[in-house]
Amino acid sequence: MRASTQGPQAAEVLYARLLGKGTYSYAPAIDRDAARGCIAADGLPVFRAEAWKYSNVGKWYQAALAPAEAPSVGETCVPDGVELHRFDEPAARPFLADHLGAAIDLARHPLAAVNRILLGSGVVVRVPAGRRIDEPVNVDDIGAAYEHILLIVEPGAELALVETPITATHRVVECIVAEGARLMHRRVQPRGQAPQCGLIAAKVDEEAHYSLWLVARGTELRRNDIHVTLAGRGAEAHLNGAWRLGDREHLDNQVTVDHLAPECTSRQTFRGVVGGRARAVLNGRIHIAAGAQASDASLTTKNLLESTDAEVYAKPELEIYANDVRCSHGATVGALDEAMLFYCESRGIDRDAARGLLLRGFLREAIAGEEAIGVLAAGFSGAGEPLGATPAEDVASAGGEVQ
Amino acid sequence: MPLLDIEDLHVQVEDQVILGGVHLTVAPGEVHAVMGPNGSGKSTLANVVAGRPGYEVLRGTVRLAGEDITQASPEERALLGLFLAFQYPIEIPGVSNMEFLKAAIDSHALARGEGAPSAAAFIRRARATAERLGLDAGFLKRGVNEGFSGGEKKRNEILQMLLLEPRIAILDETDSGLDVDAMQVVAAGVNDFRDTGNAVVLVTHYQRLLDYIVPDHVHVLAGGNIIRSGDRTLAELLDRDGYSWIEDAC
Amino acid sequence: MSDTSERTDDAIDTLVSSEYAAGFVTDIETETFPPGLDESVVRAISAKKEEPAWMTEWRLEAYRGWRAMTPPRWAHVHFPEIDFESISYFAAPRGDKPASLDEVDPELLRTYDRLGIPLHEQAMLAGVEGAGRTPVAVDAVFDSVSIATTFKEQLKDAGVVFCSMAEAVREHPELVQRYLGTVVPRSDNFYAALNSAVFSDGSFVYVPKGTRCPMELSTYFRINAENTGQFERTLIIADEGASVSYLEGCTAPMRDENQLHAAVVELVALGDADIKYSTVQNWYPGDDEGRGGIYNFVTKRGACLGARSKISWTQVETGSAITWKYPSVVLRGEGSVGEFYSVALTNNLQQADTGTKMIHMAPNTKSTIISKGISAGRSQNTYRGLVRTAPNAHGARNYTQCDSLLIGDQCGAHTFPYIESRQPSAVVEHEATTSKVSDDQLFLCRQRGIDAEKAVAMIVGGFCKDVFRELPMEFAVEAGKLLEVSLEGAVG
């Protein structure tokens, strides 16, 4: 049935559904008018629009009309000291009133507007002012095709979030990081099938700190919009991402860091390994607003291309409207360095193992931790399993523990 | 007439008063050392005399050979014969040392009512001077302080001083970050420069530079004021006892 | 801030605010078509140029394509819609084309004299600036026509064809038919299509096999008439083993209205050929309130068709109210080389969206991009570049360095590189930085007795050094001076 609905037609059907009359079954009190206004004014993104240059948005429209599988409900664990409210509970109302959408410009993120209109499940996660939570909050699927997770880290509070969106067609994670607060956000996206898009939006206030740690595989079409707004003086953001794609995996990361206030710092480090017939896209935009003096921003993205059928699209962008800034970006695309491989081989490490070693080292420049490497290695089997554990790796990690 | 005459100089930086009434008089032929602990205002004094933006003179005057330069622009001061060797020499990427020096020398010559020296004469002189400071010919072609080591940067400051022939040279922590060999080269350059018509002010934290360049007067700056002046034995005293007695004295 | 720092600002403020030196109008009787564009205008232009039927047809097909197209909107520039019906598509000094320089209207000669463009071969050969200066052959294009081309005879002896495009269509139809529109197709983009329909004049160069062009070639474009667009078309072909260096300069009078300039330049390099194309673009930029100025919407592209061929673009862009320009190289020949060196300076309310495309379509192709953007005043300066490696571009290599320098806190500097890689053994590297003219650098210069005006020019010159050294000597000097003039009043 899905195959019969072409992208452009799907967009029309979806558009009509979004703007049609009807009542909302989930949390009807939530305001959907602004989102409908955006869709009515600008329409849905069209195939080949600049922001969708490298991803066929039509595939997502098809999925949006007919989600591939029933959304599952995963486990959401909340440690002591953290409040959790579903959007349709009365306790959520004051937080929704104060914060819902505060970090999101719906006009710039039309699929987030779609999410708002079709919202099927949402949770508020709140850490009260000054509380430091040691144990991470885990959010898996929360049971709908359109999900919204609203994180509120109040002034001076600290939290780590681990989230793994599996089945949602579109998930919004909205992070409100208040003055002096810290949020460590880990997103793990294992290999999937169905088209999946989402938005991570963070608003980081004065002297607050947001870090994102993204480990991602692809699906038929997976796109992460990531929009971090450094809204208060001295705010800081660290975004790290690593991806490893094969077969026909598709991963499109559209990252924007907005420096709106002075003296903010942002660091972005991305590493991608792309083989098979996969396609990896990174659009990394640094925007320095007028008046955001003494901004310090950098982005590096390095990509290894492993096959002639694979494609890498890298588009780092600087958009700068203040002069007292330190901004830079760098991008490279290439293959593993033959000289490095030869060096390993000359020391008796066979070529596959050497590749594994070098790829791990490469990805670790963005993301450390064997758990991440495990996600990225899954499915790359056999002799060509360059990321699987090797004896050398075991020795290295064992050595580390001994010390 | 003194070459440099600082009178009751009060200076603030970003709403904080750094100098609170400094007096200092330097006559031709003299070498003065201004010493003091970190944060005493030494560098402020050097920079404000050179007219660096960002310092607000609240009160007092600075005269250069009798001329009030308190409100003068940096280049006016420079052309009157004031030279500052920077504590942290500034990099100007892409602009070669040679090009930079020629522009500076030309504008000095112009200010004196002379014509600019010929390129050939200038290059000969610059090369000879660089050689004296142990800098090879390639040094002049490199970008101003671009990728220089700490020692090279400081020697470059001395090179500029020798070529511009100021009446009064203020050396701001020129000894910091130098090994003994480099310090000897720098000191030899300064000693070469000295004559009866010019003067040198050494701003330094340590006494060791004064083993090579012997000062006629030593001043101790602390808490924004010169709290003691004397001859070179004062520097030796500081070297032996450190600055702690000063803090007590404040 | 302190008194001295206010004085710094004052010193910089009082930098002489010099007028755009090329901003005068030549008072000459001009034949201008009434504004508006339809098929009859296209036919009339073609008739004016006494073109053969195939050329007229070629134009008409381009015109029909253009009608169905819309102007591009992706560039980082803002301006009111252009009313293409209010523009006149042809303007020329009245009278027949002069047979020799002696017949050229003295008023025109004076114009080029004032602009410092040598049209008298004798004067050039006399070598006013002494020994070591080699003559430069000039094609002078005034509004829609070429009024003179110098050194034609000498070039002819070497087998080099250097003439106006109109003449080439008549005299060398086989070359024009073979190559025109092959690098920039008529349907390439809105402005290229418009140009293909109405292009007026421009230069044509053919350097035969194994020939090194004996002198630099140059074209000087001048817009003079009011409410007129200039649509020149340049085609340069370097046959196997040939090499040529070509310079392009442009100016226009100061007028309060915006004027459209939509040129197309096509370069073709066959095996082992080498083309170096240098531009100093100094179209009138508009006044300091943003009134007037040229809309410079230009398509420039080279094709390295043969193995080991090389095309190198160097541009110094200081003029125009809006610049939309991406001199590109399509690398089709194995081991061919593309280069792009650019300085783009914007001041006041100027907007520039410029960069390059390097399309690697063959093994072992190499490209280098060095872009230096300087933004001052309230201007917006954007680098936009594409590097693409096709699946068969084994061993391809690209290096890109994009630096921006900001002067003042009211301007913008933007960098939008697109990297599209499909060949694992290809290496693509991009780096970009942003900096400003620092207070410390200014203070160092001033402490050494160099005034603020000179100091800024020196610092900017240092920033641009990597590009200036790619320019032919005389151009480099001119470019340096031009930057200095364009920067006046920029800091404050």
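Modeller: One cut-off first. A residue is buried under 20% relative accessible area, exposed over 50%, and partly exposed in between. Keep in mind that this is a predicted model.

Start within chain C. Glu85(C) and Arg67(C) join their side chains in a salt bridge, 3.2 Å from N to O. The two residues are 18 positions apart: Arg67(C) belongs to helix α3 of chain C, while Glu85(C) is in the loop between α3 (53-67) and β2 (91-93). Glu85(C) has 37% relative accessibility, so it counts as partly exposed. Arg67(C) has 42%, so it also falls into the partly exposed class.

How many such bridges are there over all chains? The structure holds 64. The general idea is simple: side chains of opposite charge can pair when their charged atoms come close.

Now move to chain A. Its fold has nine helices and 18 strands. Of its 403 residues, 57% are buried. Among contacts in chain A with a separation of 6 or more, 83% are between residues 24 or more positions apart.

In one, the side chains of Glu147(A) and Arg171(A) come to 2.8 Å, N to O. Glu147(A) lies in strand β5 (residues 146-153) and Arg171(A) in strand β7 (residues 170-177), so the pair ties together parts of chain A that are 24 residues apart in sequence. Are these two residues buried or exposed? Both Glu147(A) and Arg171(A) are buried. Glu147(A), Arg171(A), Glu163(A) and Arg187(A) are linked in a network of salt bridges.

The other pair is Arg191(A) with Glu249(A), at 3.8 Å from N to O. Arg191(A) is partly exposed because its relative accessibility is 37%. Glu249(A) is buried because its relative accessibility is 2%.

Next come the bridges that join chains. Take chain A and chain C. The contact draws on 33 residues of chain A and 30 residues of chain C. About 2,600 Å² is buried between these chains, with 53% of that from carbon and sulfur atoms. What is the salt-bridge count here? It is two between chain A and chain C. One of them pairs Arg422(C) with Glu311(A), at 3.3 Å from N to O. There are also 16 residue pairs in polar contact across chain A and chain C, both residues at pLDDT 80 or more.

Which elements of chain A give two or more residues to this side? They are β17 (311-320) and β18 (325-334). β17(A) gives the most, with 10 residues. By class, the side of chain A that touches chain C has 16 nonpolar, nine polar and eight charged residues. The chains also join strand to strand. β18(A) pairs with strand β23 (residues 427-436) of chain C, antiparallel, over seven bridges. Within that pairing, Val333(A) stands opposite Val428(C) of β23(C).

Now chain C and chain B. Here 24 residues of chain C contact 40 residues of chain B. The area buried between chain C and chain B is about 2,600 Å², and carbon and sulfur atoms carry 61% of it. On the chain C side, Phe443(C), Gln447(C) and Arg448(C) lose the most area to chain B, together 28% of what that side buries.

The count of salt bridges across chain C and chain B is four. Arg448(C) takes part in one of them, with Glu157(B), and the closest N and O atoms are 2.7 Å apart. The largest share, seven residues, is from α10(C). The side of chain C that touches chain B divides into nine nonpolar, eight polar and seven charged residues.

Methods
Residues are numbered from 1 along each chain as its sequence is written. Chains are lettered from A and ligands numbered from 1 in the order in which they are written. This is a predicted model: local features need pLDDT of at least 70, side-chain atom pairs count only at pLDDT 80 or more; totals for chains, interfaces and linings use all residues. Side-chain values use heavy atoms; hydrogens and water are left out. Contact means heavy atoms within 4.5 Å. Buried area is the accessible area (1.4 Å probe) that two parts lose on being put together, summed over both. A polar contact is a pair of N or O atoms within 3.5 Å; within protein, one must be able to donate a hydrogen and the other to accept it, and residues adjacent in sequence count only if both atoms are side-chain atoms. Helices (H or I, at least four residues) and strands (E, at least two) are DSSP runs, numbered from the N terminus. Ala, Val, Leu, Ile, Met, Phe, Trp, Tyr, Cys and Pro count as nonpolar, Asp, Glu, Lys and Arg as charged, and the others, Gly among them, as polar. Two strands pair if DSSP finds at least two bridges between them. Buried means under 20% relative accessible area, exposed over 50%, partly exposed in between (1.4 Å probe, protein chains only).
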